[in-house]
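Student: Could you take me through the salt bridges of this model, one at a time? I'd like a close look at where the partners sit.

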Amino acid sequence: MAQVSIESLEVRTYRVPTERPESDGTLEWDHTDLVLVRVEAGGKQGVGWSYASRAAAAFIDGPLRTAVLGRSLFDLRGAWASMVHTLRNAGVPGAGMMAVSAVDVALWDLQARFLERSLADLFGGGREGVPLYGSGGFTSYDERHLCEQLAGWATEGLRSVKMKVGRDPAADAERVARAREAIGTGLALFVDANGAYSGKQALEMARRFAEQGVSWFEEPRPSSDLQGLRLLRERCPEGMEIAAGEYGDTLPYFLRLLQAGAVDCLQADLTRCGGYTGLLGVAALCEAFEVPLSAHCAPQLHAHIAGALAPLRHVEYFYDHVRITSLLFDGALRPRAGQLCPDRGRPGHGMVFKSADAARYLC
């Protein structure tokens, strides 16, 4: 095959307001930023994105553009390594890796579209679909809206749902009890504290949540508290898993969590950890440590690589990201029997960015 080089790169940032103010245990927000990348080669265009700030866009428009332009479309790992190396002095973690993530996704999409193959076929693997869990249940929601949202996911066939806790610890146990009443006993109930609890609070809340059959306790302590998470794993009630890792960016971050025995299930987000290339590395670590992996947010992107990730258990069907992709893209996947199944008849990730509709969100 003749040499096909990456010819152009374009980046734009969009700010999409939330439907209403949202919060979790440690943060409040009223919008979501999306950094979108377009790359071109051989008459085809690939699209990738990350849920990141304009700081990530500045990295893309500067050093990352230089790192990838002119490179072979069939040397994506080389392009990834070049991007990470180029950011050495500017700062790799955080916004740097979010920038790498958006470009990496766009490059994989471009390669698949050039080959006229779906990303799912390009990555391979025998799994046709990936299980989802519904995620939202923000602490800013009143009880009625919380219960309606969680119960609504059951009608879409999802068998697990997650809600936020930690903003008001004194009210959390009762709030979780109301959520359990709304969804019944047939669905798995997850909670996410976003690191809001102290160590002793987290142990007490784990006991109280277990009374409602909560089986997943996400970030009861911040992911940086390796000893605290390990202690909670050892002392939390039977049948409850401790999960963390969603903010991970580089492989050493995930390695520390695994080596410390801090989690029952490791989380990773390809829009933060280096795109598809970075996520493949995280999955390899999970295989080595025999720890399951859960994909954080961005379900429309994670669905296409799910078949290639042996330790992957499920993908977070995060309310804000589901809403944003329905607003800004054609071709977004919908759940079928609680799973997302890639459309192998569409090249790349199968989604087309609606530039005209998105123009009002440009920033």
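Tutor: Start with R344. In this predicted model, R344 is partly exposed, because its relative accessible area of 27% falls between the 20% and 50% cut-offs. Its salt-bridge partner is E128. The closest N and O atoms of R344 and E128 are 3.5 Å apart. Now look at where the two sit. R344 is in the loop between β13 (339–340) and β14 (352–353). E128 is in the loop between α4 (119–123) and β4 (130–135). The pair links distant parts of the chain, 216 residues apart.

That is one pair. The count of salt bridges comes to 27.

Next, go to D192. Its side chain meets that of K162 in a salt bridge, at 3.7 Å from N to O. D192 lies in strand β6 (residues 188–192), and K162 lies in strand β5 (residues 160–164), so the pair ties together parts that are 30 residues apart in sequence. Are these two buried or exposed? D192 is buried, because its relative accessible area is 0%, under the 20% cut-off. K162 is buried too, with a relative accessible area of 1%.

D192 also meets K164 in a salt bridge, at 2.9 Å from N to O. Here again the link runs from strand β5, which holds K164, to strand β6, which holds D192. These two residues are 28 apart in the chain. K164 is buried, with a relative accessible area of 6%.

Now widen the view. K162, K164 and D192 belong to a network of salt bridges that also takes in E218 and E316.

Which residues of α6 are buried? They are D172, A173, R175, V176, A177, R178, A179, R180 and I183. An α-helix has 3.6 residues a turn, so residues three or four places apart point the same way.

Check the length of the helix as well. Helix α6 has 15 residues (169–183) and should span 21 Å, at 1.5 Å a residue. Its end C-alpha atoms are 22 Å apart, which agrees. After α6 comes G184, whose phi is positive, near 80°.

Technical notes
Residues are numbered from 1 along each chain as its sequence is written. This is a predicted model: local features need pLDDT of at least 70, side-chain atom pairs count only at pLDDT 80 or more; totals for chains, interfaces and linings use all residues. Side-chain values use heavy atoms; hydrogens and water are left out. A salt bridge is a side-chain nitrogen of Lys or Arg within 4 Å of a carboxyl oxygen of Asp or Glu. Helices (H or I, at least four residues) and strands (E, at least two) are DSSP runs, numbered from the N terminus. Buried means under 20% relative accessible area, exposed over 50%, partly exposed in between (1.4 Å probe, protein chains only). The expected span of a helix is 1.5 Å times one less than its number of residues.
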